[in-house]
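Please look through the sequence and the structure shown here, and then follow the explanation below one step at a time.

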Amino acid sequence: IFTARGQPVDRVAALEAGADAYVPKPVPMEDLLGRVARLLSRQAAERSHLLAGMVMLLSLRGGVGVTTLAVNLAATLTQVKDGAVCLVDMCPSSGHVSLQLGIRPEPNWSDLLDITIPDTVDVQGLLLPHDSGLQVLASPVVPVLGQGLPRMAVETALGILRQQFSVVVVDAPSVLDEVTMSALEAATVVGLVITAETPSIQMAIGTLRALRPWSDKLQIILNQVTPGAPSPAEAIERTLRRPILGMVPFDPAQAQALAQRAPLAVRTPSSPLVQAVRSLVEKTIH
């Protein structure tokens with residue numbers, strides 16, 4: 001990292017000389033340490049032969065099945081992908097990943113709140129094992145007050161997980177806050193989960209506009225959360241002006257899976273929901 005006084009020629013010269021980042025003076029020590037931590041995480045990830053990517057599932061409208069898809073996606077990946085898989089529940093208001101998996105969310109990522117730059121030991125010590133082989137970084141049961149995890153802590157923790165796991169799946173919060181944006185920037189693929197209802201489509205239009213700089217990462221997943229005939233995908237694609245990556249059908253067995261705290265990908269791999277998730281895996285994970 002080169003530091004200079006903000007002259008344009010200094011920036012050009014530094015980058016041409018091979019600098020990884022440009023930081024004009026004066027620079028707060030916390031910002032400098034954060035840049036160093038991100039560069040180290042990125043370099044380590046590039047060296048890791050396990051690194052395949054990070055998939056984030058997102059919706060700014062609740063009730064569209066993001067957590068269900070994240071859980072079943074991660075559980076499916078443990079069956080079809082070489083290397084370990086980690087599922088991260090980033091919800092600050094008592095996420096339901098641990099509930100669906102039937103595991104007690106202790107410890108959880110709230111233990112990182114007082115750590116500006118967590119290290120590998122800090123992050124690994126918070127992971128919870130599931131019988132499927134999946135590792136989980138859980139959300140706290142008690143909702144977090146304030147802004148939640150600092151951006152620097154999120155970036156560093158996700159960088160560490162990407163070094164350790166073949167694939168990281170993130171169940172993102174329903175808001176474009178610092179946590180969500182940190183995960184979005186680190187993600188390889190971002191699945192924008194929608195239903196065929198008008199409010200969900202309207203929210204998707206706004207989300208696509210807000211996230212236009214990251215448009216190349218965004219993929220639309222149409223999830224049917226209620227019984228009935230599937231909605232015509234073509235009409236939704238015309239409205240959104242984007243293709244739909246995949247459609248997940250309503251699966252009546254999901255209600256029993258929730259009650260038994262055993263995801264369909266584990267208890268009923270042949271179910272329509274899991275088959276649709278497997279198709280998404282083939283399209284997004286290489």
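In what order do the eight strands of the open sheet stand? In this predicted model, the order is S5-S6-S4-S7-S3-S8-S9-S10, and the pairing between the strands is mixed. Strand S5 (128-129) and strand S10 (244-248) stand at the edges with a single partner strand each, so one side of each has no neighbour in the sheet.

Within this order, strand S3, which covers residues 53-58, pairs with strand S8, which covers residues 189-194, and the two run in the parallel sense over four bridges. If you look for Met-56, you will find that its bridge partner in S8 is Val-190.

Helices pack on the sheet as well. Helix H3 (residues 66-80) touches S3, strand S4 (85-89), strand S7 (167-171), S8, strand S9 (218-223) and S10, and its direction makes about 170 degrees with that of S7. Helix H7 (residues 178-186) also packs on the sheet, where it touches S3, S7 and S8, and the direction of H7 makes about 140 degrees with that of S3.

The elements that give two or more residues to the lining are H3, helix H4 (97-101) and helix H10 (253-260), and H3 gives the most, with four residues. Sorted by class, the lining of the largest pocket has 16 nonpolar, 15 polar and four charged residues.

Conventions:
Residues numbered from 1 in each chain as written. Predicted model: local features only at pLDDT ≥ 70, side-chain atom pairs only at ≥ 80, totals over all residues. Heavy atoms only, no water. Pairing = 2+ DSSP bridges. Contact = heavy atoms within 4.5 Å. Axes fitted to C-alpha atoms, helices over the stretch in contact; angles between N-to-C directions. Nonpolar A, V, L, I, M, F, W, Y, C, P; charged D, E, K, R; others polar.
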